[in-house]
Amino acid sequence: MTDLSQPVTDAEAHAAGGGVAPPLWLLAELTYRCPLHCAFCYNPVDYTDHSRELSTEQWIGVLREARALGAAQLGFSGGEPLMRDDLEVLVEEARKLGFYTNLITSGIGLTDKRLGDLKAAGLDHIQLSFQDSTQELNDFLSSTRTFDLKQRVATSIKRHGFPMVLNCVLHRYNLPHVDKIIDMALAMGAEYLELANTQYYGWAHTNQAQLMPTREQLEEAEAVVERYRRTHGERCKIFFVVPDYFERRPKRCMNGWGAVFLGVAPDGAALPCHAARGLPGLVLPNVKDTPLREIWYESDAFTRFRGLDWMKEPCRSCDEKEHDLGGCRCQAYLLTGDAANADPVCDKSPFHEAVVKVVRRAAAPAAHEAPEPREQPILFRNDANSRKLAAAAFVAPDEQGGPGGRA
Ligand code: SF4
Ligand code: SF4
């Protein structure tokens with residue numbers, strides 16, 4: 001019988017998988033519940049259809065299987081993982097198994113008591129999200145009044161001695177505030193700042209017209225980041241994740257499908273990428289009835305886009321295919337209707353015009369200034385909106401010419 005507390009070596013796992021490397025990352029999305037209602041939330045828009053959560057024992061089983069498979073890094077995420085009162089138990093188990101653990105949180109519910117308990121349980125690292133450097137925008141974008149609380153939580157995280165990443169999702173509303181966001185991270189003593197430009201899946205795809213920035217906004221923000229890196233790079237490492245809509249080549253999504261990332265959704269569905277739930281025809285295996293090893297090495301969901309054999313033209317004969325692996329499957333589906341197409345961010349894709357149209361529309365004179373937040377018809381992430389979108393069966397077709405679809 002396998003000793004689950006002792007992970008097999010990478011070499012053993014590699015050999016067992018017939019040359020396929022084991023997962024490096026496990027992302028445990030413990031719950032879709034969240035006190036915030038972010039307009040750019042990456043959770044599926046129909047999350048209310050998948051609200052049954054794994055039990056504590058089932059999650060412990062997932063952690064053991066993933067570690068036995070070879071995973072070494074573990075993110076506890078959601079929704080808001082602090083909504084689960086067994087988080088400390090899971091962190092303790094993860095520590096025993098030898099995972100490096102990261103809590104990905106909005107900070108809501110992270111009391112001094114829980115911080116102390118999580119420290120005692122062995123949590124290694126905390127990633128705290130802000131929506132902006134101003135109370136007004138932070139609270140508008142999350143549809144809550146949480147800015148002051150988040151600031152107090154950041155202070156407590158540092159007082160408990162955790163390394164901290166501050167994360168802020170960027171879009172046309174807050175890109176002009178990048179300098180202030182960096183100042184805030186420096187004042188809070190964050191070791192890292194992740195400035196992640198919005199990826200247009202989930203709720204962000206629904207709200208794309210409101211969130212998409214202009215090229216000028218991005219270039220200005222990037223220049224600000226460069227300036228701060230030169231002057232403050234020693235104190236805080238700043239990551240600036242560029243939105244690929246403005247590129248001519250796609251990103252190497254997830255570092256390859258089924259290559260390093262293994263996500264498990266609150267209901268036990270195993271995800272080759274955060275947004276995979278939105279791909280029609282992709283049956284997601286569930287950890288409740290399928291061993292993780294089988295899911296990783298044999299399931300259709302994890303093998304369908306692994307490697308290069310699945311590619312169609314123009315990727316199949318492209319000399320750049322090993323570099324970007326054809327880009328993002330979910331973006332290919334959302335904008336072309338077929339997940340096996342080249343990511344339309346690529347200017348070799350016959351669907352590239354769909355991306356160009358979105359960028360052009362963001363730059364249109366009427367949309368040039370950052371809009372007044374309260375006047376925009378943003379659809380916030382909440383249960384009522386999720387039920388509406390789930391009932392609609394599909395999200396309205398893209399105005400950009402693509403067929404749209406469930407995000
Ligand atoms: S993006 Fe916002 S609403 Fe979505 S899970 Fe994170 S904190 Fe909650
Ligand atoms: S055609 Fe496909 S493989 Fe070639 S650069 Fe474009 S996305 Fe990458």
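## Strands side by side

In strand E5, Met164 is the bridge partner of Ile126. That pair belongs to a set of 5 bridges joining strand E4 (residues 125-130) to E5, and the two strands run parallel. Two strands count as paired if DSSP finds at least two bridges between them. Strands (E, at least two residues) and helices (H or I, at least four) are DSSP runs, numbered from the N terminus.

Before going on, note that this is a predicted model: local features need pLDDT of at least 70 and side-chain atom pairs count only at pLDDT 80 or more, while totals for chains, interfaces and linings use all residues. Residues are numbered from 1 along each chain as its sequence is written, and chains are lettered from A and ligands numbered from 1 in the order in which they are written.

## The whole sheet

Let's zoom out. An open sheet of 9 strands runs in the order E7-E6-E5-E4-E3-E2-E1-E8-E9, with mixed pairing. Strand E7 (237-241) and strand E9 (270-271) stand at the edges with a single partner strand each, so one side of each has no neighbour in the sheet.

E5 and E6 run parallel, joined by 6 bridges; Leu166 has Leu193 as its bridge partner in E6. Leu193 also stands opposite Ile238 in E7. Helix H10 (residues 215-232) packs on the sheet and touches strand E5 (164-170), E6 and E7; its direction makes about 160° with that of E7. Axes here are lines fitted to C-alpha atoms, for helices over the stretch in contact, and angles run from 0 to 180 degrees between N-to-C directions.

E5 is mostly covered, with 7 of its 7 residues buried. Buried means that 20 or more other C-beta atoms, placed from the backbone, lie within 10 Å of a residue's own. Met164, Leu166, Cys168 and Leu170 are buried on one side, and Val165, Asn167 and Val169 on the other.

## Cysteines from the record

UniProt lists Cys34, Cys38 and Cys41 for "binding site" in an unreviewed entry; such annotations may be inferred rather than shown by experiment. Cys34 is in the loop between strand E1 (25-29) and helix H2 (56-69), and Cys38 lies in the loop between E1 and H2 too.

Why does Cys34 count as buried? Because 22 other C-beta atoms lie within 10 Å of Cys34. Leaving aside neighbours within four places in sequence, Cys34 is in contact (C-beta atoms within 7 Å) with Gly78, Gly79 and Glu80.

How values were computed
A residue is buried if 20 or more other C-beta atoms lie within 10 Å of its own, exposed if 12 or fewer, and partly exposed in between; C-beta atoms are placed from the backbone. Two residues are in contact if their C-beta atoms, placed from the backbone, lie within 7 Å.
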